[in-house]
Amino acid sequence: MAFQRVGILSIGEMGYHWARLLKERGVEVMTSGRGRSEITQKRAENAGVRSAPIARLVSEADLIVSIVVPSAAKKVAAQVAKALLKVGRKDCLYLDANAISPMTAGDIDRILAPAEASFVDGCIIGSAAKLTDATVYVSGPRAEELRGLQDSGFSVEVLGQATGQASAFKVVYAGLTKGLQGLLTELLVGARKFDLLPEIMRRYEESFPGLVGKVGRSIAALPVHAGRRAEEMRELRATFHHHGLKAVIAPATQKVLEQIASLDCGKPSETGGREGDLLETLELFFQRGLLQEKD
Ligand SMILES: NC(=O)c1ccc[n+]([C@@H]2O[C@H](COP(=O)([O-])OP(=O)(O)OC[C@H]3O[C@@H](n4cnc5c(N)ncnc54)[C@H](OP(=O)(O)O)[C@@H]3O)[C@@H](O)[C@H]2O)c1
């Protein structure tokens, strides 16, 4: 059944595109922008999203979606649980669509339990800007109900009945995309240092057609998104550790992404759009001393 009113916490880049798509299909979208940054509030305004106190949002929405950053996923769930208990609403459907570990998903399930809210574990694979080409993967006892988003132009795939399946799927997927971004950034910064950048890019293209273009688009977004992507690698490492496996590449990728985030050189967009070009981004990283050995 299609959703009539969706509450999105928060209107970041992905939240903006969700809001736009839902609104285009006639769904009412609400958010609770209180305490959020100016840019997030501006994005909500630009997407035409109504901001309301959290108590109102949890009372009125048929579906609450958390699209934040992994480190905020539990905090947001706790705020929603508190508000649900306060207004006395039960049976609320809550989708976490962040790249979190299955353990974090389990914690969120437990956080929401006292409010008798139904948790759906989820993730989004694909780019925010091309949301109709992306897929929302879900799992959990009420995951089937998320098929209601298909009426609003989303692709939805149900992975199973268990909480944790969708998050495990996403962290393993994120390991590939962020791993490629970390590796290619490191190698191209090296090539820039050796004055071999165009030559090696041409050679990569010959050996792996399309790879540099595809991964390069994501690298160009790193000035804005490196911090959140580093958190995803932390969630991947924790998932492996929980299952007795020692991830080696994920922590290395996390380190590269954290170094990029510490350069603090990105400006988020007010409209969920992306700017940036691979060569300019690499030059910026190079000039800011990314991966330079400290004396
Ligand atoms: N962007 C993509 O193409 C893409 C693709 C696939 C999946 N995703 C998923 O979508 C999620 C969001 O990514 P994004 O690219 O939209 O990130 P983003 O642009 O950095 O936006 C993150 C949003 O979360 C908000 N936030 C941070 N801490 C919060 C808190 N404690 N309570 C409430 N809101 C909080 C931020 O608000 P402030 O500005 O106030 O900090 C911001 O609005 C991630 O989990 C990611 O895995 C994104």
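Two exercises with worked solutions follow.

This is a predicted model, in which local features need pLDDT of at least 70, side-chain atom pairs count only at pLDDT 80 or more, and totals for chains, interfaces and linings use all residues. Residues are numbered from 1 along each chain as its sequence is written.

**Exercise 1.** Find how helix 6 and helix 9 pack against each other.

Step 1: locate the helices, which are DSSP runs (H or I, at least four residues) numbered from the N terminus. Helix 6 covers residues 165–193 and helix 9 covers residues 222–242.

Step 2: read the geometry. Their axes (lines fitted to C-alpha atoms over the stretch in contact) form angles that run from 0 to 180 degrees between N-to-C directions. Here the angle is about 130° and the axes are 9 Å apart.

Step 3: name the arrangement. Angles under 35 degrees count as roughly parallel, over 145 as roughly antiparallel, 65 to 115 as roughly perpendicular and the rest as oblique. Helix 6 is therefore oblique to helix 9.

**Exercise 2.** Work out how helix 9 and helix 10 are arranged, and which residues meet.

Step 1: helix 10 spans residues 249–263, and helix 9 packs with it at an angle of about 155°, the axes being 8 Å apart.

Step 2: the two helices are therefore roughly antiparallel to each other.

Step 3: look at the contact, where C-beta atoms, placed from the backbone, lie within 7 Å. Among the residues that meet are Leu 222, Ala 226 and Met 233 in helix 9, and Ala 250, Leu 257 and Ile 260 in helix 10.

Methods: Two residues are in contact if their C-beta atoms, placed from the backbone, lie within 7 Å.
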